[in-house]
Amino acid sequence: MKKRVSVIIPVYNVEKFILKTVESVMNQDYKDVEIILVDDGSPDNSAQIIDELAKRDNRIICIHKENGGVSSARNAGLKIATGEYVTFIDGDDWVEPNYISYLLDLVEKNNCEIGMNKNNYSDYSMNSSDKEYVVEAEKAIEWIYLGDIFVAVWNKIYKMSFLRDNDILFDEKIWYGEGMLFNIDCLQFVDRVAVGEKCVYHQVSNPNSAMRKFNVDSNLCGIKSLEIQKKHWKKSNPAILDAWNYHRRAFNLTIAWGLLNSNMEKEYQKLYDSCVRNLRKQLWVSLKVPLSLKKKLIYIAWAIIPGVMSMRCKNKAKRKGN
């Protein structure tokens, strides 16, 4: 008997992308899907577009609500989802025709409640592989903090009964780092996770996406998310703690680079100085975790000469643009 899969897509300011996103789900080779589109008070024409799409396919359910953020939108979808499994897609991305069948097969044949994909198509990566394996939840947590598995909830699949039995929802006070918090919470309640490496998800570069533009408050929210995750740990070991410290330190680099790249370091001088101090003080963190030598050297350089590294990155981006 086929298992229904609910696909939850938050919709906010994605009028240029949402048609392709939804059609990529409508055209899946696996047909028993429920497509939940959550208009989170979008001020553009996204609401009208998804209402028109719902007229074309009776598997589409549209929710229109006041703006409450991406966590609120996903929770609204989870509360009405009827599928035995759920997956999430961002409203400006799209998926391959076998996205659902691949992820569903991944968890079903490995008897896991969570399936996570290591690879996706993006501006930065086109790696794809047929490799599949099962890892302990602790290893998956470590990989998420190290960036070996992307932090977001998209490109993953979850058993709905597992989420409901453990009262797992998104923290609506967290709008950045919310996916990582959700995933880390989930991993506290399982022993094993199915992991695949085939690219079936396309992460689109949307310059208007709030999640893909530098924002001081968003990064500070991400740090808050990290601190909450640590408080929720039921599973921990030295490798997880090292990986968490690495990710925590990486926020200092992201903020310092973002302020320099946006010419905002003088406006946020105290924050910038604090980040640079932390980069230097916590340099050992990046040297302890299993990163490539190249990455370790880059982290050392950012700690010692952040201004020079920022200029180097700017020049590299200019050359790429030309």
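**Salt bridges and a nonpolar patch**

E52 is partly exposed, with a relative accessible area of 46%. By that I mean the middle class: buried is under 20% relative accessible area, exposed is over 50%, and partly exposed lies in between, using a 1.4 Å probe and protein chains only.

Before going on, a word on the model. This is a predicted model, in which local features need pLDDT of at least 70, side-chain atom pairs count only at pLDDT 80 or more, and totals for chains, interfaces and linings use all residues. Residues are numbered from 1 along each chain as its sequence is written, and side-chain values use heavy atoms, with hydrogens and water left out.

Back to E52. Its side chain meets that of K55 in a salt bridge, at 3.0 Å from N to O. A salt bridge here is a side-chain nitrogen of Lys or Arg within 4 Å of a carboxyl oxygen of Asp or Glu. Both residues lie in helix α2, residues 46-56, three residues apart, which is about one turn of the helix. Helices (H or I, at least four residues) and strands (E, at least two) are DSSP runs, numbered from the N terminus. K55 is exposed, at 65% relative accessible area.

How many salt bridges does a search of the whole structure find? The search finds 15.

Next, K65 and D40. Their side chains form a salt bridge of 2.6 Å, N to O. This pair links distant parts of the chain: K65 is in strand β3 (residues 60-65) and D40 is in strand β2 (residues 33-40), 25 residues apart. Is D40 buried or exposed? D40 counts as buried, because its relative accessibility is 4%.

Another salt bridge joins K198 and D130, with the closest N and O atoms 2.5 Å apart. This pair also links distant parts of the chain, 68 residues apart. K198 sits in the loop between β9 (192-196) and β10 (201-202), and D130 in the loop between β6 (114-117) and β7 (132-136). K198 is partly exposed at 24%, while D130 is exposed at 59%.

Last, the surface. I304, I305 and V308 make a nonpolar patch of about 270 Å². Patches are made of residues with over 30% relative accessible area and no salt bridge; like charges are joined within 9 Å, and nonpolar side chains (Val, Leu, Ile, Met, Phe, Trp, Tyr) within 5 Å. The areas come from the Shrake-Rupley method with a 1.4 Å probe, and for residues only the protein chains shown count as cover. I304 is in helix α12, residues 293-304, and counts as exposed at 53% relative accessibility.
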